[in-house]
Amino acid sequence: GGLAILITLEVTRRVVGPELPIVAICFLAYAYLGPYLPGILAHRGYSTERIISHMYLSLEGILGIPLGVSATFVFMFILFGAVLDKTGVGKFFIDLAFALTGHTRSGPAMTAVVASGFMGSISGSSVANTVTTGAFTIPLMKKTGYKPYFAGAVEAAASTGGQIMPPVMGAAAFIMAEFTGIPYVKIIIAAAIPAVLYYFAVGTMVHLEACKLGIKGLPKEQLPKAGKLLLKNGYLLIPLLIIIYFLVAGYTPLAAAFRAIVISVIIATIATLIKKDKSFGIKDLIGAFESGAKGAVGVACACACAGMIVGVVTLTGLGLRIAEIIVTLAQGNLILTLFFTMIASLILGMGLPTTAKYIVLATMAVPALLKLNVNLMAAHLFILYFGVVADITPPVALAAYAGAGIAGANSMKTGLQAVKLALAGFIVPYIFALDPTLIMVKEVVGSTVTFLPFYNAIPIMLSAMLGIVCLAGAVEGYLIDHCKIYERLLLVASSLLLLKPGLLTDLFGLIVLIGIYYLQKTRLKNSIAA
């Protein structure tokens, strides 16, 4: 058992990095040193033999739920993403996004946002998504006038959202399904609107930046035609539609992914025979399997190591203590509790992979949110959301570093810009935590989720979009013209009020936004007339 713990720590260090093993070692030390700790953190302590046996032999240690999920659902979906990439789906998504958005004011930057949303829905990895689409979009953004660090930041911020974008979210979403007992298909239904709002937030920031810099889109003559692309390569979307069908039809995620992989290979093979272009063959299939296996190693190591952290939490009762500390610090205030949970998530995200940080926070912070009557689905999605956003939060922002590498920019500057671009998206989790109507959830009883009709979510969705536009305008200092200081302050105030669903707060936010819009429009007219 002791050797298994040491090997797990060392393999994780080699594959993922030293941060997660260091955190795991601190937790193991906590289990042993309990009697010597002060106040609420103290516990009776456990012998080395008891700690080793709990980590090695129980289902709450190395061989716990996280590792089991990574060996089944997660592996199959990583393999599915790798197969799709080899069939040419990645290039198709980029070309389609370019055709749809290349002519807009924000041009290639908006292409990066849309393409990364498409790609993220199948890859489930921030870094892989950044590298895949960034190789095309970042040089194009630089060419049209964006600064290198901004180009890298746009790609990183957009790619990071892929882990919360259905139908194939990141590995943490599958672990969430196992932890909560809620079927995966219900999780992706609940996650759909927040994911769209995240991309709306990043797209709004990118558009305002382009307007502020005076950047123009590319002429339509230079862009591929969306209709022709769909006619030529539209068949590549069939596997995605198939996996959605299987999930909705009630198949397990494992069965749905397996069937989708088989169908993807068959479709790609038939298309290759018809086109006679050798675009997909045995070498590509083997390459996809190799890529999928390599991609799964990092997740498996992170899950095994995080399993030990969960083991210590269950052994010592630390989760309940942390929940008590958060609630005590927040003095029962829900927004403060959410804020402290967000900070904990971002701090953990600086060193832990998304999967690991979700596992840790699901065992320690979710109980605090549940104590304040936050919906179970909303509580877990809140943790997941900020666990994902941590991938672009300096000083350890892996997705931003990948974008900076391609752009040839300063990594820290790129990371800070990526956070700025995603900042408007930070208000979305608060909205659905305060009112689960945004995720269309009425109630959760055990593993049974009762959904509201979609139209119930429309008012709060519009309110969230207003809040996003207000915060984006305040952060960028631009709406349709450069903002005065008082205009930025008013926009911040209205965006914060739009956090709380309600007619009065929404009305105030709308009035402020319309008022500032007309102020700036009048100012622009006067400056043109002068």
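The legends below describe close-up views of a predicted model. Local features are taken at pLDDT of at least 70 and side-chain atom pairs only at pLDDT 80 or more, while totals for chains, interfaces and linings use all residues. Residues are numbered from 1 along each chain as its sequence is written, and side-chain values use heavy atoms, with hydrogens and water left out.

**View A. The largest nonpolar core.** This core has 165 residues. A nonpolar core is a set of buried Ala, Val, Leu, Ile, Met, Phe, Trp, Tyr and Cys residues joined through side-chain atoms within 4.5 Å; buried means under 20% relative accessible area, exposed over 50%, and partly exposed in between (1.4 Å probe, protein chains only). Tyr 198 and Met 377 have the most contacts inside the core. Helix 10 (residues 184-213) gives the most to it, with 18 residues. Helices (H or I, at least four residues) are DSSP runs, numbered from the N terminus.

**View B. Surroundings of Met 377.** Contact is defined as heavy atoms within 4.5 Å. With neighbours within four places in sequence left aside, Met 377 is in contact with Met 176, Ile 182, Lys 186, Ile 187, Ala 190, Ile 439, Val 441, Val 444 and Val 449.

**View C. A second core.** Nine residues make up a second, separate core. Among them are Ala 474, Leu 498, Val 512 and Ile 516.

View D. A salt bridge is a side-chain nitrogen of Lys or Arg within 4 Å of a carboxyl oxygen of Asp or Glu. Glu 10 and Arg 13 form one, at 2.7 Å from N to O; both residues lie in helix 1 (residues 2-15), three residues apart, about one turn of the helix. Arg 14 also forms a salt bridge with Glu 10, with the closest N and O atoms 2.8 Å apart. Arg 14 and Glu 10 are four residues apart in helix 1, again about one turn. Relative accessible area is 29% for Glu 10, which is partly exposed, 42% for Arg 13, also partly exposed, and 66% for Arg 14, which is exposed.

**View E. The Asp 481 and Arg 523 pair.** The side chains of Asp 481 and Arg 523 meet in a salt bridge of 3.5 Å, N to O. Asp 481 lies in the loop between helix 23 (454-476) and helix 24 (485-497) and Arg 523 in helix 25 (residues 503-529), so the pair ties together parts 42 residues apart in sequence. Asp 481 is buried, at 16% relative accessible area. The whole structure holds seven salt bridges.

Note on methods:
Helix = DSSP H or I, 4+ residues; strand = E, 2+ residues; numbered from the N terminus.
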